[in-house]
Amino acid sequence: MDNKLSSYKTYMTRVGNEKIPCYEPSVGDEELELVSDVIKSNWLSEGKYTRKFEGLLADYCHRKYSLAFSNATSAMITGMKSLGIGSGDEVIVPSYTHSADPNSIYATGATPIFADVDESTLCLSVETIEKVRTKKTKAILHVALYGNCGNIADIHDYAKKNNLYLINDCAAAMCSFYKGKNIVSYGDFSVLSFFSDKTITTGEGGMLLTDNAELLEECNMYKHDGRRERGVDLIERHGYNFRITELQAAVGVAQFGKLNFFINRKKEILKDYQKRLSNIANIRFFEFNSACDVVPHRVLIFVPDAAALISHLTQSGIGVRTTFMPMHSQPIYNIKKKFIITDKLFQTGIALPSAPTLSNEQIDLITRSIINFYKTI
Ligand SMILES: Cc1ncc(COP(=O)(O)O)c(C=O)c1O
């Protein structure tokens, strides 16, 4: 069988066998109504819903400008290229993150330079950045991992002092606030993802947000195949088609309308897990940065034996995941360096099911399975 089809089937079988998914989107009549409006209008490429979606998010994230993209990866590549980042430049990025971060840097021609993270935030810190900065460093890519915020104000000041760009990957952190300000409002630009497991989803999708009008104009050209808009003949950049579709933007507008429900439910789910597992000495819940109001992207626990507990829960059909496998040890990067915190976090971390659709009965089932595991070992 064709390899692509076989890995797709393996993936779908694995996910299909999970009686409690790690995550699932929550969509319904509101999304259907707006999508059917798009279909009736017979305009499927970016249109009024895309502009509306951009406006809603710029306001919510305390940013002047926003630009919708096909995903967060394309937004990141575009933003970095538009800042002039490319061949010969180095960009500091945490090793403990999604591959989209180093891959986007690589796509611009620049080199990703991996750094360890701060154990208390899961994010870069001035100390971890300072350890790997060189004369070639052009930018810092901060990742607000799992919705948590690093001490972004310190990183912002450090970047300014050292004449570095600050890029802020908030793929999963759109609703987290650092000292009262949306985390997305920090950096020369920030990006959001609307993949199916994000706080609000459009299936696939992303957004770039900035306060810099010139940067926005440049990004807009890269996004539209190097021209200022569809239908324009003049090509001014070696650009791409990184547009979202109007169908997706309509879903995004409907999802945005349910934001308070998603936020509240995610916070409730975390509290419920904490209450039910409070007596298990082997489990440490990740403590989100106390300087922030965080909406947890995932419920994260750290245990001595992550692989064993994951295997136990998976056998019971519970959709758990490891946390991000460190990028420095991925075969494609294979950096022969030790990142002690990153490696430890990966070996001990578990992401528990945490979709807003998760019921209290399901949380009860998951936590009883965890309690049983620790009774039997
Ligand atoms: C931290 C982080 N950055 C970037 C991405 C990439 O987002 P997208 O799939 O929209 O390109 C993800 C996706 O899950 C992510 O978790």
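Select β9 first: five of its five residues are buried, so the strand is largely enclosed by the rest of the structure. A residue counts as buried if 20 or more other C-beta atoms lie within 10 Å of its own, as exposed if 12 or fewer do, and as partly exposed in between, with C-beta atoms placed from the backbone. This is a predicted model, in which local features need pLDDT of at least 70 and side-chain atom pairs count only at pLDDT 80 or more, while totals for chains, interfaces and linings use all residues. Residues are numbered from 1 along each chain as its sequence is written. Helices (H or I, at least four residues) and strands (E, at least two) are DSSP runs, numbered from the N terminus.

**Around β9**

Show the side chains of β9. Gly206, Leu208 and Thr210 point one way, Met207 and Leu209 point the other way, and all are buried. In a regular strand the side chains alternate between the two faces of the sheet.

Two strands pair if DSSP finds at least two bridges between them. Look for Tyr65, whose bridge partner in β9 is Thr210.

**The whole sheet**

Now select the seven strands of this open sheet, in the order β1-β9-β8-β5-β4-β2-β3, with mixed pairing. At the edges stand β1 (65–69) and β3 (111–115), each with a single partner strand, so one side of each has no neighbour in the sheet. On average, neighbouring strands are turned by 25° against each other, direction ignored. Axes are lines fitted to C-alpha atoms, for helices over the stretch in contact, and angles run from 0 to 180 degrees between N-to-C directions.

Move to β2 (residues 90–94) and β4 (residues 137–143), which run parallel and are joined by three bridges. Glu90 is found opposite Thr137 in β4. Then select helix α8 (residues 213–223), which packs on the sheet and touches β1, β8 (189–193) and β9 (206–210); its direction makes about 15° with that of β1. Two residues are in contact if their C-beta atoms, placed from the backbone, lie within 7 Å.

Select α5. Its buried residues include Ala100, Asp101, Pro102, Ser104 and Ile105. Among the elements covering them are α4, β2, β3, β4 and β5 (165–169). After α5 comes Gly109, with a positive phi near 100°.

Go on to α9 (residues 246–256), a mostly covered helix with nine of its 11 residues buried. Its cover includes α2 (29–41), α3 (48–60) and β1.

**The ligand**

Which residues come nearest to the ligand? Of the 14 around it, they are Asn71, Ala72, Thr73, Ala171 and Ser193. A residue is near a molecule or strand if its C-beta atom, placed from the backbone, lies within 6 Å of it. Two or more residues of the shell come from each of α4 (72–82) and α5 (100–107). By class, the shell has six nonpolar, six polar and two charged residues. Ala, Val, Leu, Ile, Met, Phe, Trp, Tyr, Cys and Pro count as nonpolar, Asp, Glu, Lys and Arg as charged, and the others, Gly among them, as polar.

**The two domains**

Finally, colour domain 1 (29–256) and domain 2 (259–376) separately; domain bounds come from an automatic or database domain assignment. Their C-alpha centres lie 25 Å apart. In contact are 27 residues of domain 1 and 25 residues of domain 2. On the domain 1 side, the touching residues divide into 14 nonpolar, 10 polar and three charged.
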